[in-house]
Amino acid sequence: MRDVAIVAFAQTDHRRRSDELSEVEMLMPVLHQVLTRTGLQTADIGFTCSGSSDYLAGRAFSFTMALDGVGAWPPISESHVEMDGAWALYEAWVKLLTGEADTALVYAYGKSSSGEVRDVLTRQLDPYYVAPLWPDSVSLAALQAQALIDAGATDEPALAEAAARSRADATANPHAQLKGEVPRGDHVVHPLRTADCPPIGDGAAAVILAAGDRARDLCDRPAWIRGMDHRIEPHSLGVRDLTDSPSTRLAAERAGAFERRVDTAELHAPFSSQEVVLRRALNLDETVRVNPSGGALAANPVMATGLIRIGEAAARICRGESDRALAHATSGPCLQQNLVAVLEGEAHA
Amino acid sequence: MRKEPVAVIGIGQTKHVAARRDVSIAGLVREAARRALDDAELSWADIDAVVIGKAPDFFEGLMMPELYLADALGAVGKPMLRVHTAGSVGGSTALVAANLVASRVHGTVLTLAFEKQSESNAMWGLSLPIPFQQPLLAGAGGFFAPHIRAYMRRTGAPDTVGSLVAYKDRRNALKNPYAHLHEHGITLEKVQASPMLWDPIRYSETCPSSDGACAMVLTDRAGAARSPHPPAWVHGGAMRSEPTLFAGKDFVSPQAGKDCAADVYRQAGITDPRREIDAVEMYVPFSWYEPMWLENLGFSAEGEGWKLTESGVTELDGDLPVNPSGGVLSTNPIGASGMIRFAEAALQVRGQAGEHQVEGARRALGHAYGGGSQFFSMWLVGAESPAI
């Protein structure tokens, strides 16, 4: 298999609202930053792929205008997934594996402030039997949290601890939206309190991939993708064990995550309780540094959050702070779909 | 590093109609997927991954439908990707699936595209008002009509060419059991007498709104060797995009379309598409796009596409049949329309197109476009496996 690496990553400062910016305006600085970091220009990129959602934007074909920001002239080889940008990165990785391109630009963005994101996400549910009841994303996560507590896998103080750790770590992350001491707050939906839930915010992220020697040319210490896989579970919550994540475990196994110990894990867990599920599925013990960026509890620009996990893990490798890292992204209610990437840095010369 | 050759070994479509009130969205997609699996004589367990595409989520009012459809498409425990590249999505989805095989990430992949337009109203879905942006001007026809006028002015094409295309495609559709429109009494005079919608586009020169799905099973060389029916081999595939609106854009013949075709021909070793390609399934939602794309795809010199149409070259019994299936003009479940073009091209080179089979078709082009003539995806399939 061809060696492909992440060579650059950029993200916005994530904010509660960005009324004064269009999606293109929010995205363009990030695209410029990630290109500047490699010295590449749009015309040098072999393949471009993005992730976003029309439902967040509130209009059909919302991604077409973002493409204008990329500057797709002369015409470019380009695609789009209506998913988190982590899956756009997966599509780009596959494209590079075919040998049809040596470099790829991947980006994702989302403005949750445009609508009520809890309501918007209900439109992901079975449109005939479930969506008409409008069960919102926090309520569904609360079902999962209660199932974990009932199973003895965690309790409310432990959840509070995970949330506090995330926000404390986020103080070192200049892009994070929520950081430092965040009050535990009242119950939003029992047993989840304000501190157990992600902030609502707007943001964008971009990554550049490169194959083989091209990656070494563009980056001092590329984050090599040693494996990447994603798996989906049944949609209905009634047929899943919400305390487990077999799709995460399988994706990790296929990505080679269990072959050797990872030192860092960036987990896409918008709710503190979901970190419990993911740690169990991935066999992460206390020695693994989990979400040094603060994770999704510190910034959750929906559709970009998963890509940011991969970008944060890669950036840590590029900076020499990690040698082998796991990055995880999720989609759908209660961790229905999960992606795992394993990244490695070469030994320092 | 050599790519793995990719073969199409299963194709399934639903009978496309205005409204499938008898099935849910899940029921619709499963029908097409089941037919593709039956064609390949495979079961759900033989599929390693699923790649699904459709046009905007607002068309059904369902956000990220891959989540809800995972069970119906046998994807549980497997990778599932959702592609969305506007009207070209059906083609792009097939290409993403083909790359999973070409890169050897997976051996056998199910790819599917659908639209159940009766769940909602596509015109409304396209017309949500956004500040500071040009509205689509009363649906897609309003957007494309001025570009057709520009083509007529630029080439001097007589204003009868559009109706010839519509008359041909609707007659071809009569030979395709899956086509939506079966207009048995169709005549050229009826097309020409139909109401003018967006001058110069008449009612009978536009595509219908359909419910429908199309699925394909793609596999590697080993999978193709086990195939019970002749496979179609992918000889080339590409996507190209350019911005929607900018001063240098040629809406009549976009550069992205030319570049995309050139890339596909290079991969497939095609130097003279007019002579070397036996059938074309082209994305023609408004009849005038046939002569326009004939030029854009390199089948004729610039300004000459309408002459091919007028002389009957693109008829089912002409020497470059275009849209033997009846095309988008006869069947338009938007998100699936591109994949239907790709699948119909594959049916032709497998010799399985039934009454609308082009005799002796060995190489066929599937073509799709989307946005404001902004996104292009194409593949060229052949009866022979590609040279190693």
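**Exercise 1. Cysteines**

Solution. The structure is a predicted model, in which local features need pLDDT of at least 70 and side-chain atom pairs count only at pLDDT 80 or more, while totals for chains, interfaces and linings use all residues. Residues are numbered from 1 along each chain as its sequence is written, chains are lettered from A and ligands numbered from 1 in the order in which they are written, and side-chain values use heavy atoms, with hydrogens and water left out.

Step 1: A disulfide is a pair of cysteine sulfur atoms within 2.5 Å. A:C318 is in no disulfide, the nearest cysteine sulfur being that of A:C219 at 3.9 Å. A:C318 is partly exposed, with 27% relative accessibility.

Step 2: For B:C214, the closest cysteine sulfur belongs to B:C207 and is 17 Å away, which is too far for a bond.

**Exercise 2. The nonpolar cores**

Identify which residues touch the most other members of the largest nonpolar core, and which helix gives the most to this core.

Solution. Step 1: A nonpolar core is a set of buried Ala, Val, Leu, Ile, Met, Phe, Trp, Tyr and Cys residues joined through side-chain atoms within 4.5 Å. In soluble globular proteins, nonpolar side chains tend to be buried together.

Step 1: The largest core has 84 residues, and those touching the most other members are A:I6, A:L89, A:L209, B:M216 and B:W379. Helix α4 (residues 85-97) of chain A gives the most, with 10 residues; helices (H or I, at least four residues) and strands (E, at least two) are DSSP runs, numbered from the N terminus.

Step 2: Another core, of 77 residues, lies apart from it and includes A:V34, A:L56, A:V70 and A:Y109.

Step 3: Contact means heavy atoms within 4.5 Å. Leaving aside residues up to four places away in sequence, B:M216 touches, among others, B:V8, B:I11, B:F342 and B:W379.

**Exercise 3. A buried aspartate**

Find where A:D84 lies, and state which backbone nitrogens lie by its side chain.

Solution. Step 1: A:D84 belongs to the loop between β3 (78-81) and α4 of chain A.

Step 1: Lys and Arg count as positive and Asp and Glu as negative, while His and the chain ends are not counted. A salt bridge is a side-chain nitrogen of Lys or Arg within 4 Å of a carboxyl oxygen of Asp or Glu. Although buried, A:D84 has no salt bridge, and the nearest side chain of opposite charge, that of A:R309, is 8.0 Å away.

Step 2: A polar atom of the A:D84 side chain lies 2.9 Å from the backbone nitrogen of A:G306. For the backbone nitrogen of A:L307, the corresponding distance is 3.0 Å.

Step 3: Not counting residues up to four places away in sequence, the residues that A:D84 touches include A:H268 and A:M303. A:M303 is not a glycine, yet has a positive phi of about 85 degrees. A:M303 is buried, with a relative accessible area of 5%, and lies in the loop between β10 (289-290) and α11 (305-318) of chain A.

**Exercise 4. Salt bridges**

State how many salt bridges there are over all chains, and examine the pair B:D263 and B:R266.

Solution. Step 1: Side chains of opposite charge can pair when their charged atoms come close. The count over all chains is 48 salt bridges.

Step 1: In the salt bridge of B:D263 with B:R266, the closest N and O atoms are 2.6 Å apart. The two residues are three apart in helix α9 of chain B, so about one helical turn separates them. B:D263 is buried at 12%, whereas B:R266 is exposed at 60% relative accessible area.

Step 2: B:E242 forms a salt bridge with B:K249, with 2.9 Å between the closest N and O atoms. B:E242 is buried, with 0% relative accessible area, and B:K249 counts as buried at 9%.

Step 3: A network of salt bridges links A:D3, A:R226, A:R260, A:R324 and A:E344.

Terms used. Buried < 20%, exposed > 50% of the residue type's maximum accessible area, 1.4 Å probe, protein only. Polar contact = N/O pair within 3.5 Å; in protein donor to acceptor, adjacent residues only side chain to side chain.
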